[in-house]
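Hi,

Here is the structure I said I would pass on. Have a look at it first, and then read my notes below.

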Amino acid sequence: MKFCFAIVLSILPAMAAAQDYVRVSDEGTFLDLMGQGDLTHMLYNITVKVMPDGQITGDALGWPVSGSWSWQDGYFCRAMDWGGDEIPYNCQLVEQKGDLIRFTVDQGAGRAAALRLR
């Protein structure tokens, strides 16, 4: 089941074409967005809170999520634990389209996951 969460986060389809999203390139804008609510994906029962103090909390598929994050050179860098399984450190491109926030691993070179702010 935990493997499913990693797969879900890596293959969640982007909700629209890349040109519809706007890059979030500074930490202040990112923190303003994260202050608007939790990151959610209702289909996969994901609710994650990215806190201004560098912590990540929440749950996914019934398992707790915890971790830490920092903003480095225009990227959201995080390491997490999901129900006892490590999700390795990775720096991600962040983009916004309305209440959708898209995270693309490997500084934008990898797979993307779009989560809704609620």
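Which residues does Met 34 touch, leaving aside those up to four places away in sequence? In this predicted model, the answer is Leu 39, Lys 49, Val 50, Ile 101 and Leu 117.

Before you go further, a word on confidence. The average pLDDT for the protein is 89, and 84% of the residues score at least 70. The stretch to watch is residues 13-18, where the pLDDT is below 50. In the model that stretch still has 11 contacts beyond near neighbours in sequence. Where pLDDT is low, the predicted coordinates should not be read in detail.

Back to Met 34, which belongs to the largest nonpolar core, a set of 22 residues. The members that touch the most others are Phe 30, Met 34, Leu 39, Phe 76, Val 94, Ile 101 and Phe 103.

β8 is worth a look by itself. How many of the residues of β8 are buried? The count is 5 of 5, and both faces of the strand are covered. Leu 100, Arg 102 and Thr 104 lie on one side, with Ile 101 and Phe 103 on the other.

Last, the cysteines. Searching the whole structure turns up 1 disulfide, which joins Cys 77 to Cys 91 with an S to S distance of 2.0 Å. The pair links distant parts of the chain, 14 residues apart: Cys 77 is in strand β6 (residues 75-82) and Cys 91 in strand β7 (residues 85-97). Why is this disulfide right-handed? Because the torsion about the S-S bond of Cys 77 and Cys 91 is about 110 degrees. Both Cys 77 and Cys 91 are buried.

Over to you!

Key: Residues are numbered from 1 along each chain as its sequence is written. This is a predicted model: local features need pLDDT of at least 70, side-chain atom pairs count only at pLDDT 80 or more; totals for chains, interfaces and linings use all residues. Side-chain values use heavy atoms; hydrogens and water are left out. pLDDT is the predictor's confidence in each residue, from 0 to 100. Contact means heavy atoms within 4.5 Å. A disulfide is a pair of cysteine sulfur atoms within 2.5 Å. Helices (H or I, at least four residues) and strands (E, at least two) are DSSP runs, numbered from the N terminus. Buried means under 20% relative accessible area, exposed over 50%, partly exposed in between (1.4 Å probe, protein chains only). A nonpolar core is a set of buried Ala, Val, Leu, Ile, Met, Phe, Trp, Tyr and Cys residues joined through side-chain atoms within 4.5 Å.
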